[in-house]
Structure formats: C-alpha cells, structure tokens
Amino acid sequence: MIDLASLAITALAFFVVAVSPGPANISNAAVAMSFGRRTSLVYGAGLSCGLIFWGLIAASGMGAVLQSSLYVLMVLKLLGGLYLLWLAWQSGRSALRSDAGKVSLPGKGRWFWRGLILNLSNPKSVIAWMAALSVGLGPEDGLVSVVVATLVCIAAGFLNNALYSLLFSVSGMMTGYRRFRRWIDGVVAGLFAIAGLGLIKSAFAR
C-alpha cells in the first residue's frame, strides 16, 4: 500500500530541489522575460522532459536498492543528505555575495530542444532524484511505490518549470528577483539544510 504521507514528503523534497535557482531555472526565467510566456513554456517543457530521463534512471536504481539491502538504502540516504547539505552550502555562499551574477540566455529558436539538451547534459540531476526519492521511500516499499513517487516528482518538475514561465513572463519579475536574490538564496539554503539533516537522521532510524 502506498503511504500518502511519504509520497507527499518525497514530492516536497523534489520540488524544493527543483524550484531552487540554478542554470535551468534562471535560463527559463530569462527566456520568459525576453521572449514571452509561450516560448518559455515550450522551453520549460524541454527542461522537464530532460528531467524525466534522469528520473527514470534514478527510479531504476532505487528499485534495485529497495530490493537489495537496508544498509545500501542507509548509505544512499547518507549520500543524499550530504548532497542536500552541499546544495545548502552553495546557496548560502550565493546569499553572501552582493553581486547579482549574470543571467545566461540561450540562443534563439528550437526552444524545446534547447531545454531538453540543457537538462540532459546535467548528470547531477540523477543525484537530486535519488536524494528526493530516498526521503520518502523505505525498505518496505515496492516497485509500485517507486513508480508512483517518480510520477509525482515528474509532475512537480513540470509544475516548477511552468511556474517559472508564468511568473517571470510578468513585467518586472526579474528585477524583483535580483533585488531579493540574497534573501531567496538564504531561504533556499535553509530548506536544503533542513532536508539534508532530516535525510541523514532518517538513515539511522529503525
């Protein structure tokens, strides 16, 4: 039976990772501001499909982990927790920097394929997937739980990219982001730290 609470925790963990400012999200925001909502939605769909590829790889690996050993899952949770803490450190460093940084804008045309290639070229995405899936899944979960959790995370990925397209296509949003960037990065760092410490704690829970 699928545990709805664990499923919600998995979806929330993945969404926190997905929504954090990074190359894909910032480029999607730049496309929305420069070329409009429709173009950004197409570009975001490409980004989301790229995430699906790494999600399927992660889900296959997670299925093998759940069928193997409790200790393997514990190690995976530890590694996932450390990865989230590393993301917290990166976001914290960004929050301490006063410069806004440069926004990378993809070249014009073939927006779906540009988004797809961008996320396909980032194999670190599979680590984020494994970290998110390991938050809510336990050794008692089976293949059905893995599949459902993966589908929920895929939906969260599409939702995240759509939100970036819709929000940043509104005039003035990029200016507002630059103004509050340090605060945003600080909050994201805190969320990553909480998630990472919680995942490490759950690795030792019986």
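Tutor: Start with a cut-off: buried means under 20% relative accessible area, exposed over 50%, and partly exposed lies in between. Note too that this is a predicted model.

Student: Then how does Cys49 count, and why?

Tutor: Cys49 has 28% relative accessibility, so Cys49 counts as partly exposed.

Student: Is Cys153 buried or exposed, and why?

Tutor: Cys153 is buried, because its relative accessible area is 0%.

Student: How many disulfides are there?

Tutor: The test is a pair of cysteine sulfur atoms within 2.5 Å. By that rule the count is 0 disulfides.

Student: Which residues does Phe112 touch, leaving aside neighbours within four places in sequence?

Tutor: Phe112 sits in helix H5, residues 111-120. With those neighbours set aside, Phe112 is in contact with Val42, Ala45, Gly46 and Cys49. There is also a C-alpha separation to read: Phe112 and Gly44 are 68 residues apart along the chain, yet their C-alpha atoms are 7.3 Å apart. As for accessibility, Phe112 counts as partly exposed because its value is 26%.

Student: Now a helix. What should I look for along one?

Tutor: An α-helix has 3.6 residues a turn, so residues three or four places apart point the same way.

Student: Which residues of H1 are buried?

Tutor: They are Leu7, Thr10, Ala11, Ala13, Phe14, Val16, Val17 and Ala18. Helix H1 itself covers residues 4-19, 16 residues in total. From first C-alpha to last, H1 reaches 22 Å, close to the 22 Å expected at 1.5 Å a residue.

Student: And how is a pair of helices described?

Tutor: Two packed helices are described by the angle between their axes and the distance between the axes.

Student: What are those values for H2 and H7?

Tutor: Helix H2 (residues 23-35) packs with helix H7 (residues 143-168) at about 35 degrees, and the axes are 8 Å apart. The crossing of H2 past H7 is right-handed.

Student: Which residues make the contact?

Tutor: H2 supplies Asn25, Asn28, Ala29, Ala32 and Met33. H7 supplies Asn160, Asn161, Tyr164, Ser165 and Phe168. Sorted by class, the contact of H2 with H7 has 5 nonpolar, 5 polar and no charged residues.

Student: Take Asn28. Is it buried or exposed, and why?

Tutor: Asn28 belongs to helix H2. Its relative accessibility is 0%, so Asn28 counts as buried. Beyond neighbours within four places in sequence, Asn28 is in contact with Ser40, Tyr43, Gly44, Leu47, Asn161, Tyr164 and Ser165.

Notes:
Residues numbered from 1 in each chain as written. Predicted model: local features only at pLDDT ≥ 70, side-chain atom pairs only at ≥ 80, totals over all residues. Heavy atoms only, no water. Helix = DSSP H or I, 4+ residues; strand = E, 2+ residues; numbered from the N terminus. Expected span 1.5 Å × (residues − 1). Buried < 20%, exposed > 50% of the residue type's maximum accessible area, 1.4 Å probe, protein only. Axes fitted to C-alpha atoms, helices over the stretch in contact; angles between N-to-C directions. Left-handed = near helix turned anticlockwise from the far one by under 90°. Contact = heavy atoms within 4.5 Å. Nonpolar A, V, L, I, M, F, W, Y, C, P; charged D, E, K, R; others polar.
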